[in-house]
Amino acid sequence: MGILEVKGVNKRFGGLQALGDVNLSVAENTVHAIIGPNGAGKSTLLNCLVGKLIPDTGSVMFDGQSVLGRTPYEINQMGISRVFQTPEIFGDLTVFENMVIPCFAKRDGSFRMHAFESVVQEQDICLQAEQMLVDVNMQDKRHMHAASLSRGDKRRLEMAMCLSQKPRLLLLDEPTAGMARADTNNTIDLLKEIKSTRDITIAIIEHDMHVVFSLADRITVLAQGTPLVEDSPENIRGNPKVREAYLGEAA
Amino acid sequence: MLGISKKDMTILLVVIVLALCAPFILNPFPTGSAMAQFNAGYPDLMQRFVIFGIFAIGFNILFGLTGYLSFGHAAFLGVGSYSAVWMFKLLSMNVVPAILLSMIVAGLFSVLIGYVSLRRSGIYFSILTLAFAQMSFNLAYSVLTPITNGETGLQLTLSDKRYLGQSVTESGSIPVTNFFGLEMRSTYDLAVGGWNFQFNAGYYLCAIIMIVAFYVSMRIFRSPFGLMLRAVKSNQQRLNYTGINPKPYTLAAFVISGIYAGLAGGLMASMDPLAGAERMQWTASGEVVLMTILGGAGTLIGPVLGAGFIKYFENIFSKINDTVLHQWFAFMPDGLEDVVVFIVHPFVGKGWHLTLGILFMLVVTFLPGGLVEGGQRIAKLFKREKAPAVPPSDPEHHPKETPHVAE
């Protein structure tokens, strides 16, 4: 029984069957990649996992509890963090303030009226945020406005924000989309390090096969809203069905 | 000290000194001199400065931090005023219960309006608050006449009960508002040379309350709660996916700013015990938006500056009429004098809005951060002049260049 169990999920947008009977099981402490050509329903599936969309039928269980009908912040509090395709950070705030917010969310829950304490006097939280910045090697940028960071740094900051909450499941939506090769390799190294040093399950949606094959323990191939195969990276590489889905029948 | 940093302490001290010494600072010209009409150091106007300062400080907690632009905050001000006057009519002429009630009623009212309006954001939120404020204005103006006394406005009368006080004074007049016996209108005149400084009890009560209100807003700005409000403005999506529910945060900010507005309304009624529906009109709501933006939205001291700036214009520029202008330009030849007066005329007196509008446009265009940004730029200019040619080597602020990641 995996930490994330998706059973019989269907999602329809008008006449378009975006997801058709998706079954997926992500085992704990593994990296599970979901790949597929454009329009295969990868992002729709992800949105169903984080509460942005509600599937028409089927169930999504995280650690034995259903996530359906819950809001994104409730799902996050259950232990699922999400990294977006384009980094979503607090651009108007400094890097340090960006790091502090998830630490507060982890400690205080979805709302707490702490209007009279001072942020700088919350030493535990500040130390935690500081440590995380050191971990991702961004401590010298702590006073910069997050919006002025480079794309790669924004990605690292977002990843660090998610990790500081110690999530049990980290969802990555094309983390290397639009990145230069060097930045992509840095991201792979960062993810490998995360995987080896933490008890964490990672589900990753990705186009870049290089990223997928260097990280994933398990791969699910989606095509036209339905899982085509689920297997280990070695077997996926040689699978004719996968080639067909990606390259068309002529290949 | 007081749980704030050294830099904030300096700002707070500046506000305290400005507020407490206002009778001197706003009275720079001797009475009887030609410039005396630019003096703003009389109780009535100084009270308005600090009361609108409180209103703008509260508005800034909502607009400056969360970015939610409410166009209906005057409704809370009006509700506060009505509550305070009712307290004077029914209980006693002491301002303390009146101010407390005005804060409570405005707070409850803002929970109601905020809960509905905050279901939408952006322009829809602004329109919803505007609609609510106009509804309140019209209710106060006509439908709720038994409570608000309609277009005449709510006033004290000799037949009011005042269960804890007296209905009529011994001399047969309506009693005046007081703070445990200290009359709000009592003023001490200090004549030094040609100057006449006025120290008014009501002003000092308002000033002290404004200092407290400023301190509270400072604490909110520096708190985790304030940080979350700024995060709401910056990226609600990320906040949601970080496990935080933005709704209660924005509602709390809305209610806090509503309470501030109620406090301002209560103080207004305490200084002059009457309340009219026009205090709730949309122009009054727009005014506080102008104050906050002019001073600098999202800054601590900006709203106070903006409030002072606009109220000064409203009261001083509007008093300059053609007679005064002719006096000023009397040294010119007759024909030229008339021409100059003709040109200046639209910008003063009743046309003060024109001057204010032009200034507002200039500030928003060239100083998007408001008057505060202007101050910062001037400060920077001075610093640059003072700074030595070669910057001192400070390893902490000049980190070694790190090798580029792409190698």
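A crossing of two helices is called right-handed if the near helix is turned clockwise from the far one by less than a right angle. Keep that in mind for the first view of this predicted model.

**View 1. Helix 5 and helix 6 of chain B cross in a right-handed way.** Helix 5 of chain B covers residues 95-117, and helix 6 of chain B covers residues 122-143. Their axes come within 9 Å and cross at roughly 145 degrees. Look for I113(B), V116(B) and S117(B) on helix 5 of chain B; these meet F125(B), L128(B), T129(B) and F132(B) on helix 6 of chain B. Sorted by class, the residues of this contact are five nonpolar, two polar and no charged.

**View 2. Helix 3 and helix 8 of chain B pack with their axes 9 Å apart.** The angle between helix 3 of chain B (residues 43-66) and helix 8 of chain B is about 15 degrees. Because angles under 35 degrees count as roughly parallel, helix 3 of chain B is roughly parallel to helix 8 of chain B. This crossing is left-handed. On helix 3 of chain B, the residues making the contact include P43(B), M46(B), V50(B) and I54(B). From helix 8 of chain B, the partners include Y203(B), C206(B), M210(B) and F214(B). The class count for this contact is 15 nonpolar, four polar and no charged residues.

**View 3. Domain 1 of chain B touches domain 2 of chain B.** Here, domain 1 of chain B spans 52-280 and domain 2 of chain B spans 283-382. Taken over C-alpha atoms, their centres are separated by 26 Å. The contact brings together 23 residues of domain 1 of chain B and 16 residues of domain 2 of chain B. On the domain 1 side, helix 3, helix 4 (74-90) and helix 8 of chain B each supply at least two residues. Helix 3 of chain B gives the most to that side, with ten residues. That side divides into 16 nonpolar, six polar and one charged.

**View 4. Chain B meets chain A.** Now step back to see both chains: 27 residues from chain B and 35 residues from chain A take part in the contact. On the chain B side, helix 8 (201-222), helix 9 (224-234), helix 10 (236-240) and helix 11 (246-271) each supply at least two residues. Helix 9 of chain B gives the most to this side, with seven residues. By class, the chain B side has 13 nonpolar, nine polar and five charged residues.

**View 5. Chain A is divided into two domains.** Domain 1 of chain A is made of 4-79 together with 167-247, and domain 2 of chain A is 90-150. The centres of these domains of chain A, taken over C-alpha atoms, are 28 Å apart.

**View 6. N137(A) and Q224(A) each have a positive phi.** For N137(A), a residue other than glycine, phi is near 60 degrees. You can find N137(A) in the loop between helix 4 (123-135) and helix 5 (151-163) of chain A. With 14 other C-beta atoms within 10 Å, N137(A) is partly exposed. Next, turn to Q224(A), also a residue other than glycine, where phi is near 50 degrees. The loop that holds Q224(A) lies between strand 9 (218-223) and strand 10 (226-231) of chain A. Q224(A) has 15 other C-beta atoms within 10 Å, so this residue is partly exposed.

Key:
Residues are numbered from 1 along each chain as its sequence is written. Chains are lettered from A and ligands numbered from 1 in the order in which they are written. This is a predicted model: local features need pLDDT of at least 70, side-chain atom pairs count only at pLDDT 80 or more; totals for chains, interfaces and linings use all residues. Domain bounds come from an automatic or database domain assignment. Two residues are in contact if their C-beta atoms, placed from the backbone, lie within 7 Å. Helices (H or I, at least four residues) and strands (E, at least two) are DSSP runs, numbered from the N terminus. Ala, Val, Leu, Ile, Met, Phe, Trp, Tyr, Cys and Pro count as nonpolar, Asp, Glu, Lys and Arg as charged, and the others, Gly among them, as polar. Axes are lines fitted to C-alpha atoms, for helices over the stretch in contact, and angles run from 0 to 180 degrees between N-to-C directions. Angles under 35 degrees count as roughly parallel, over 145 as roughly antiparallel, 65 to 115 as roughly perpendicular and the rest as oblique. A residue is buried if 20 or more other C-beta atoms lie within 10 Å of its own, exposed if 12 or fewer, and partly exposed in between; C-beta atoms are placed from the backbone.
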